[in-house]
Structures are given as structure tokens and as C-alpha cells.
Amino acid sequence: MLAPRRSILTLIFCTLLHAFTHAFGSLLVPLYLLMVADLHLHGVRQAALIVTLYGLVYNICSYPAGVLADHFNRKWLLAIGLLGNSLAMGSIGLSRHYPEMVLLGVVAGLFASLFHPCANSLVPAHFPENPGLAIGLLGIGSGIGFFVGPQFSGWRAQEAHWHFAQVAAWQKPCVELGAAGVICAILFLIFARETRTRADLQRMKHLNSASADSSPVAILPAQMSTEEIVMRYEAHPPGIHLSRSLFWRVVGIGSTLGMRDFAGVGTITLSSIYLQKAFAYSPKHAGLAVGLMMLLSVLVNPASVYLSSGKRRLPLLATALMAGGVAITLVPCFGAIGAVITFCVFQTFQLGSYAMSDAAILERVPPAVRGRVVGVFLTIAGTFGACAPFVMGWWTDLLGNRAAQPHAYVPIFLALGSMMALASLATKLIARLA
């Protein structure tokens, strides 16, 4: 049995890796307009395409990453993922050719795809008595990353005074954060710990090759507590295969919650464009505003999981999604400060819903297939959500000169709010997992 200190240390480092993963994914958001001017691009949609491709590859490759997470050393996979992601993002800061940047965005997304299937499987394994809360604490990293990424890039793009080759001002944050990511990957490899022994991995491979049984997940009463579910799995461990019925249930959940993901990811891009075009924010101030949108989730993620334990989990998840939908539709009703506050309210509900939905799903599936379950979910929900930056860039490009008028964005915000409301239907599907 692992010492608690090692488990806590692994959780802390996984949370830090979570922060880097989302910081890289949002790093370019405040820099779109600078990129368009520097690279002579044809609109914001071309700059947003890099972030879109990062997200698409990140999510499309999640299922293969989940297979790896269920069969190999997750610590090594996580370290390799952050190292490759950091080097690719740092290289974007050194390139002067747009096609190369697009390719590097794809490479970064490929390495980033290893994070969630591996971390969402490894962290609950360190805390089997309370996997939901562990996922909530891991979720702190998303808030930190989404805060640091845009805030850091907007700040360093204007304040970094070092010079190297032809590196533009907007590229300097990519180089600096990429270097920090490499250092973190090395430290993670030194201090984090896997829960599986070599014998465990060999046994899992043997079971996977010897058994053709795809028995579905045991049907568990909805009123069972997290501790009772864990005890049931430990007493009657399910087969190593991901059953067909569980696969399609997760596909249904991902298809529904994908609307939440689209609204959340789209709002990150849209808020930056909206504040810069409608209210003349600088990249530095837009980055700060976008970062602040995510900061409250540092507290909300673990708190929401703790407060929504047991039967409260799914009702509170539905409430958070509906409340987020209402908030995002109200953004054009306010001035610049009011818009920023409303964005913060929206992201508090939206990001808090991630921790609750992740906990609700992972509490209801066997530990042996958690990596693949996360992979299937992200492939569906995340891929749809990853299209949002390009769609937001394309839609706001269509506004033309009207992009300087807040009321011109009303249809966009209304569409995102409607998607959040529809995503609340996923709670019915999650309930069917147990």
C-alpha cells in the first residue's frame, strides 16, 4: 500500500500537469489579433485554427490514450505527454511560418491527449476510498491553467523585453511557458508514483488477452454511496474489457455534455475577441480578464464535488449547467466591467460542472476501464468542444465592422446559453451508469 505522502505528492504534481495542459490550450487566446497582424493572416479564424487543431487532436486521440493508460505505466505516459506538449508549444514561439505553427499545434495536441485518460485513472487509484473528491482536487489544475495561460501570455507579450532571432512579442510567452513545462515534466518523473506494480501490468495484459468476456458493468443501485460502490468493485472486480453497453452509454453522455464543452471552450475565445473588439481591451487586459474568468474554479471544483456527494451530485450538476446557460446569455446586457463579471459567473458554473460530471462518471465505472471511459468521453464531447475556437473566430469575422457593437453578439451568446441548458439532460444518462 502506498504511503499517503506519496499519494498526496502525486496528486499535487498531477494537478500541476493539469494546469500546464490547459495553460497551453488557452495560451494563444489573447494573442489572436497580434498573430493576425504579425503573420498577415486572413482573419481571426486562422489564428484560432491552431488552438482548434490542438483541441481536436487532443480529444480525438483520447481513446487510444485511454487504452495506453489502462495497460501501461501512467506516470511515464504523463511525463512524456507534458514534455512533448511543452516542446511543441515552445517551438511555436520559435517558428516564423504559419503552416509550421499549424503542424506544431497538432503535435502539441497529440502529446496533450495523454493527460486526462492517465491522470483521471491514476489519481483515483491513489485514493480508492474517495475517488470523487480526488477528481475534484485534480480539477483545481484546470482553473489554474486557464487563469495562467491567457493572463501570462497577454502580460508577457507586452512586457517581455528579451530578444532572440526573429521571435515576435506574441511568441515570447510560448517560449517561456514551454521551458517551464519541460522542467515540470522532469520533476514529475522524479517525484510522482504509479500505483501499479510490474506484476499488476503483466496480470492485466494476461487477462486482456485470455478473456473474451465483455461483461457489462454491474448494475448498482442509484442510492449507493461512493464508498459502497468502491467496496462493490473491490469485492467483485469486473472484467478487463470495456463492455459494449458501457461504451455506448458513455458515447451518449459525451454527445450531450459536448454542448457544454463547446460553450465553455467557445466562450474562452469569444470573450477575448469580444473585449478587444467591442471594448478596445489590450491583449494584456483581455488576457487578465480571461484568466480571471477561470480563477474561481480553483475553489469551485473541489467544493462542488464535496458538497454534491451522494444523491446530490446529479441534481447540482444539472443546476450548474442551467445557471451557466442563463449567465452567458446575459453578457451583452452589460458594459465592459459587467461583462467580465458575468463571464466569471458563467465559467464558475461551467468549470465546476466538469468536476461534478467527471466524479459522477468515474464513481460509477470499474477502475480497470477508467482510462478508456475517459478516452471515449473526451473523443466525443471534447472533439465537438474543440471546434469552438474556429467557429467563434469565423462567426465574429462575419460581423465585420459590427464587431465593435456589443449587441451584435447577442445571437452568439444566446446560442451558447441554449447549448448549456441542453447539456443538463446528460444527468439522466449518467444516472443510468449505476
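**Helices and salt bridges in a predicted model**

The buried residues of helix α7 are F115, H116, P117, C118, A119, N120, S121, L122, V123, P124 and H126. Buried means under 20% relative accessible area, exposed means over 50%, and partly exposed is in between, with a 1.4 Å probe and protein chains only. Helices (H or I, at least four residues) and strands (E, at least two) are DSSP runs, numbered from the N terminus.

A word on the source. This is a predicted model, in which local features need pLDDT of at least 70 and side-chain atom pairs count only at pLDDT 80 or more, while totals for chains, interfaces and linings use all residues. Residues are numbered from 1 along each chain as its sequence is written, and side-chain values use heavy atoms, leaving out hydrogens and water.

Back to α7, which covers residues 115-126. Of its 12 residues, 11 are buried. From first C-alpha to last, α7 reaches 16 Å, close to the 16 Å expected at 1.5 Å a residue; the expected span is 1.5 Å times one less than the number of residues. Helix α8, residues 131-138, is also mostly covered, with six of its eight residues buried. Those are P131, G132, A134, I135, G136 and L138.

Now the whole chain. It has 21 helices and zero strands, and 58% of its 434 residues count as buried. Contact means heavy atoms within 4.5 Å. Among contacts with a separation of 6 or more, 85% are between residues 24 or more positions apart.

Next, two helix pairs. Two packed helices are described by the angle between their axes and the distance between the axes. Axes are lines fitted to C-alpha atoms, for helices over the stretch in contact, and angles run from 0 to 180 degrees between N-to-C directions.

How do α9 and α14 cross? The axes of α9 (residues 140-159) and α14 (residues 283-295) come within 7 Å, at roughly 170°. The two are therefore roughly antiparallel: angles over 145 degrees count as that, under 35 as roughly parallel, 65 to 115 as roughly perpendicular and the rest as oblique. On the α9 side, the residues include F146, F147 and W155, and on the α14 side they include L288, V290 and M294. The residues of this contact divide into 10 nonpolar, six polar and two charged. Nonpolar here is Ala, Val, Leu, Ile, Met, Phe, Trp, Tyr, Cys and Pro; charged is Asp, Glu, Lys and Arg; the others, Gly among them, are polar.

The second pair is α3 and α18 (residues 370-386), whose axes come within 8 Å and cross at roughly 175°. These helices are therefore roughly antiparallel too. T52, G55, L56, N59 and I60 of α3 meet L378, T379, G382, T383 and A386 of α18. That contact has four nonpolar residues, six polar and no charged.

Last, salt bridges: a side-chain nitrogen of Lys or Arg within 4 Å of a carboxyl oxygen of Asp or Glu. The whole structure has eight.

In one of them, D38 and R96 meet at 2.9 Å, N to O. D38 is in helix α2 and R96 in the loop between α5 and α6, 58 residues apart. D38 is partly exposed at 26%, and R96 is partly exposed at 27%.

Another joins D397 and R45 at 3.1 Å, N to O. D397 lies in α19 and R45 in α3, so this pair ties together parts 352 residues apart in sequence.

What about E194 and R74, buried or exposed? Both are buried. Their salt bridge is 2.6 Å, N to O, and links parts of the chain 120 residues apart.
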